Amino acid sequence: MTELQRPVVAIDIDYVLRIPNAKLGQEFRENVRTAEIVMRAGAVPTVHHSQPPWDSEGLWRATHSFSGIAVDWILSLLDRGIEVCWASTWVEYANVYFAPVLGLPTLPLAVVDDGYRDERLSAWKARQITELAPGRPLLWVDDAILRSDAEYVSSHRAGGDPELTRYHRVRDRSVGFTRSDRRECDEWLSGLPSRPPGAG
């Protein structure tokens, strides 16, 4: 696999990797991992992101739930030499709060706080993702991608072949990334090395 053939996966966190804590009837979701995380006021994102309920010390202590399937998939991608980056409103704080407790390495960022406030979160991401890994295959995994955002990225990526740009929308925000999501994403990725330019 040449560098130009090496795929990049841009993955969201909320409702993909990080999922709502269990409620009545959700206790037995498959492969859910939990971790207690302490966040600090002034060390959280502000773009398209609400502030947690800080305590008197400016801290927020809470247990978070995660899709273990997503964690395992990310690790498998890295083992295969596929680049993985965060496409999340958590921006650099994804590596501060979530990656360490999940056993993930520090990952590059697909989106950053660039000072712009797009009306829609997915449009904010799409605008920045167009600059990601020019000419290389791109898979964008999110829970809130609109078709218009996916089409924008596909048609505006720098040096990108539209056939080598794909999005995958996680369907159920209560469970996040599932085995079905992994299967669909892996099927697309596995077809990339032998896919000639422009092939469907």
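## A first look at this protein chain

The buried residues of helix α4 are covered by parts of the chain that include helix α3 (121–129) and the strands β6 (138–142) and β7 (165–169). Welcome to a predicted model, in which the protein chain has five helices and seven strands. The points below start with α4 and then step back to the whole chain.

**Helix α4**
- Helix α4 takes in residues 147–156, and Asp149, Ala150, Val153 and Ser154 are buried there.
- Looking down the axis of α4, you find its buried residues within an arc of 130 degrees, so they line one face of the helix.
- On the face turned away from the buried side of α4 sit the exposed residues Arg147 and Ser155.

**Order and overall form**
- Starting at the N terminus, the elements follow the order β-β-β-β-α-β-α-α-β-α-β-α.
- The radius of gyration of the protein chain is 17 Å, which agrees with a compact globule, because one of 200 residues would have a value near 16 Å.
- The C-alpha trace spans about 55 × 40 × 30 Å along its principal axes.

**Inside and contacts**
- Of the 200 residues in the protein chain, 48% are buried.
- Among contacts between residues at least 6 apart in sequence, 71% join residues at least 24 apart.

**Surface and charge**
- The protein chain has an accessible surface of about 9800 Å², and carbon and sulfur atoms account for 51% of that surface.
- There are 23 positive and 28 negative charges, and their mean positions lie 2 Å apart.

Notes: Residues numbered from 1 in each chain as written. Predicted model: local features only at pLDDT ≥ 70, side-chain atom pairs only at ≥ 80, totals over all residues. Heavy atoms only, no water. Helix = DSSP H or I, 4+ residues; strand = E, 2+ residues; numbered from the N terminus. Rg over C-alpha atoms; globule rule 2.2 N^0.38 Å. Buried < 20%, exposed > 50% of the residue type's maximum accessible area, 1.4 Å probe, protein only. Contact = heavy atoms within 4.5 Å. Areas by Shrake-Rupley, 256 points an atom, 1.4 Å probe, with all protein chains shown as cover. Lys, Arg positive; Asp, Glu negative; His and termini not counted. Charge placed at Lys NZ, Arg CZ, Asp CG, Glu CD. Arc of directions from axis to C-beta.
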